[in-house]
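Subject: A structure for you to explore

Hi there,

Here is the structure I promised to pass on to you. Please open it beside this email and follow along as you read.

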Amino acid sequence: MVRRGGLSAILAIILVIGTAGCDNPPTQLSQVAWQALQDSERQGAAQSAPEVWAQAQAQYDSAWLIIETQNRLWFFERDFEPAESLLIRSGRSAREAIKAGIVNREQQRVEIERAIDSLGKTISAHKAGINGHIARIPLRKAMTEAELQLATLRETYESGEIDRAIEFIPVAQASLRDFEERLDHDWVDPAELPNWNKMVRETVRWSKENGATALVVVKMDRRAYLLKGGRIVDEFPVEFGYRAWAQKMRSGDGATPEGVYHVTKWRDRDTKYYKALNINYPNEQDKKRFALNKKAGKIPRNAHIGGLIEIHGEGGKGEDWTEGCVALSNKDMDRLMTKMSVGDRVTIVREVTGWPD
């Protein structure tokens with residue numbers, strides 16, 4: 001028979017053990033967390049927000065490791081509070097993964113659409129620029145490959161495979177770079193190169209003999225070199241018409257003319273693109289070429305030769321975007337305007353060898 005004092009002690013011990021921790025597995029919390037994980041996975045969060053989703057999964061797994069460990073103990077030794085905390089955090093993380101995934105997906109769509117647009121415009125511009133010459137230069141295969149990679153990127157995106165499309169962007173960009181590298185190396189018409197070399201050297205000589213200012217624009221270099229007395233005194237990065245690599249044939253073709261010109265107007269106001277130096281396109285050689293091309297049927301019979309070619313500001317976009325003008329950044333245009341005047345020579349060529357080195 002237990003004495004009255006001993007019975008009280010036993011009841012006190014049981015009470016302490018009973019209130020020391022929670023001895024039932026958090027089944028309901030586990031179900032809630034599991035459901036949140038399933039919802040986030042169905043909505044693609046594992047792919048669109050992988051780090052947050054992996055955290056939610058890890059918290060859930062850790063909670064169950066604790067539950068299994070606690071279940072092997074005596075009931076009065078069990079403590080499921082750490083597992084409960086992890087399950088609550090797992091559910092919260094899973095819901096955050098859904099939200100982050102929605103934001104990430106939208107950003108990825110914007111990135112893909114921009115890449116498709118940029119690649120498409122660049123390929124079209126290059127293709128148009130070498131139109132009529134593609135059959136006699138070894139560029140067709142590289143250009144076709146770039147077009148195929150762009151088509152694959154577009155199809156992948158339009159089929160809803162966002163992750164694959166994101167992974168494919170660098171592949172399509174690499175294909176375009178390969179095409180452009182071949183373009184840089186191969187797209188120099190051997191028949192025209194002596195003429196471009198002659199134009200540049202005559203401009204350098206003219207500048208030296210007259211102590212005059214001249215601007216030599218080399219498309220391949222994407223630079224304009226300012227001469228004074230035959231010496232290069234400054235240089236500027238430049239952008240061209242969206243058919244950068246072509247000789248201008250007519251109005252609206254997006255090509256920047258190649259030839260020897262001079263400044264006809266110096267304009268620091270009332271211009272469309274910040275400031276401008278107008279040049280005398282079309283000159284007599286341009287008019288002669290235009291007439292011959294029209295007669296030969298290389299351009300439409302109702303085509304016009306165009307005009308209003310300028311060296312102007314609003315450049316610095318990192319792409320060829322003008323209708324045929326040469327664009328500089330506004331900062332560079334400010335500097336150029338202080339050094340050039342009406343009558344100064346402007347020579348534009350696609351390529352030159354042995355100069356300015």
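Predicted model: local features only at pLDDT ≥ 70, side-chain atom pairs only at ≥ 80, totals over all residues.

**The strands**

Begin with strand E1, residues 213-218, and strand E2, residues 223-228: six bridges pair them in the antiparallel sense. One spot to look for is Ala214, which stands opposite Leu227 of E2. Four residues lie between the two strands of this hairpin, and Arg222 has a positive phi there, near 55°.

E2 is also joined to strand E3 (residues 231-237), again antiparallel and by six bridges. Here Lys228 has Arg231 of E3 as its bridge partner. The hairpin of E2 and E3 has two residues between the strands, and Gly229 takes a positive phi near 60°.

**Helix H9**

Next, please find helix H9, which covers residues 284-295.

Which residues of H9 are buried? They include Asp286, Phe290 and Asn293. Looking down the axis of H9, you will see the buried residues within an arc of 70°, so they line one face of the helix. The buried residues of H9 pack against strand E4 (259-267), while the face turned away from the buried side carries the exposed residues Glu284, Gln285, Lys288, Leu292 and Lys295.

Both ends of H9 deserve a look. At the start, a side-chain oxygen of Asn283 comes to within 3.1 Å of the backbone nitrogen of Gln285. After the helix comes Gly297, with a positive phi near 80°.

**The cores**

The largest nonpolar core has 30 residues, and Leu215, Ile311 and Leu336 have the most contacts inside it. E1, E2, E4, strand E5 (276-279), helix H10 (330-337) and strand E8 (345-349) each supply at least two of its residues. H10 gives the most, with three residues.

What does Leu336 touch, leaving aside its neighbours within four places in sequence? Leu336 is in contact with Leu215, Leu226, Phe236, Leu277, Ile311 and Leu328. There is also a second, separate core of 18 residues, which includes Ala115, Ala142, Leu150 and Tyr157.

Happy exploring!

Methods. Residues numbered from 1 in each chain as written. Heavy atoms only, no water. Pairing = 2+ DSSP bridges. Expected span 1.5 Å × (residues − 1). Buried < 20%, exposed > 50% of the residue type's maximum accessible area, 1.4 Å probe, protein only. Arc of directions from axis to C-beta. Contact = heavy atoms within 4.5 Å. Polar contact = N/O pair within 3.5 Å; in protein donor to acceptor, adjacent residues only side chain to side chain. Core = buried A, V, L, I, M, F, W, Y, C linked by side-chain atoms within 4.5 Å.
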